[in-house]
Amino acid sequence: LREVAGSGALFFSSDDDAELCSAMRMVASNSSKRRELSESALLNAAQYSWHTAAEELLAVVESVSSPK
C-alpha cells in the first residue's frame, strides 16, 4: 500500500513482469538505492504501532456494537 510504504518501497504494476524485474534488478545492483529505501522504510514504520492500531480497532468495534 502506497499510503503505508511511502518512499520506503518501489511500486510496480502487478501484471507487468518486466517492471517487477526492473525493480528487483535496481535493488539488487544499486546499494545507495537500497540504503535510501531502507532508511525511508524505517521512518515510515516508526509512524505505526500495534498498540495504537488495536486501540483504534477496539474503539470502532465498541462504537458499532454498543446499544444506542
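Predicted model: local features only at pLDDT ≥ 70, side-chain atom pairs only at ≥ 80, totals over all residues.
Local features required pLDDT of at least 70, side-chain atom pairs counted only at pLDDT 80 or more, and totals for chains, interfaces and linings used all residues. Residues are numbered from 1 along each chain as its sequence is written, and side-chain values use heavy atoms, with hydrogens and water left out.

Helices are DSSP runs (H or I, at least four residues; strands are E, at least two), numbered from the N terminus. Helix α2 covers residues 17-29. The axes of α2 and α3 come within 5 Å and cross at roughly 100°. Helix α2 is therefore roughly perpendicular to α3. The class spans 65 to 115 degrees; angles under 35 count as roughly parallel, over 145 as roughly antiparallel, and the rest as oblique. Axes are lines fitted to C-alpha atoms, for helices over the stretch in contact, and angles run from 0 to 180 degrees between N-to-C directions.

Contact is defined as heavy atoms within 4.5 Å. On the α2 side, Met26, Val27, Ala28 and Ser29 take part; they meet Ser31, Lys33, Arg34 and Leu37 of α3. Met26 lies in helix α2. With neighbours within four places in sequence left aside, Met26 is in contact with Leu10 and Lys33. Met26 is partly exposed, because its relative accessible area is 33%. The cut-offs are under 20% relative accessible area for buried, over 50% for exposed, and partly exposed in between (1.4 Å probe, protein chains only).

A salt bridge is a side-chain nitrogen of Lys or Arg within 4 Å of a carboxyl oxygen of Asp or Glu. Lys33 and Glu36 are 3 residues apart in helix α3, so about one helical turn separates them. Glu36 is partly exposed, at 40% relative accessible area.

Ser40 is placed in helix α3 as well. Its relative accessibility is 15%, so Ser40 counts as buried. Not counting residues up to four places away in sequence, Ser40 touches Ser7 and Gly8.

Tyr48 sits in the loop between α3 (31-45) and α4 (50-65). Tyr48 has 43% relative accessibility and therefore counts as partly exposed. Together with Leu1 and Val4, Tyr48 forms a nonpolar surface patch with about 330 Å² of accessible area. Patches are made of residues with over 30% relative accessible area and no salt bridge; like charges are joined within 9 Å, nonpolar side chains (Val, Leu, Ile, Met, Phe, Trp, Tyr) within 5 Å. Accessible areas come from the Shrake-Rupley method with a 1.4 Å probe; for residues, only the protein chains shown count as cover.

Glu3 lies in helix α1 (residues 2-5). Its relative accessible area is 60%, so Glu3 is exposed. The C-alpha atoms of Glu3 and Asn44 are separated by 9.6 Å, although the residues are 41 apart along the chain. His51 lies in helix α4. At 54% relative accessibility, His51 also counts as exposed. His51 and Ser7 are 24 Å apart, C-alpha to C-alpha, and 44 residues apart in sequence.
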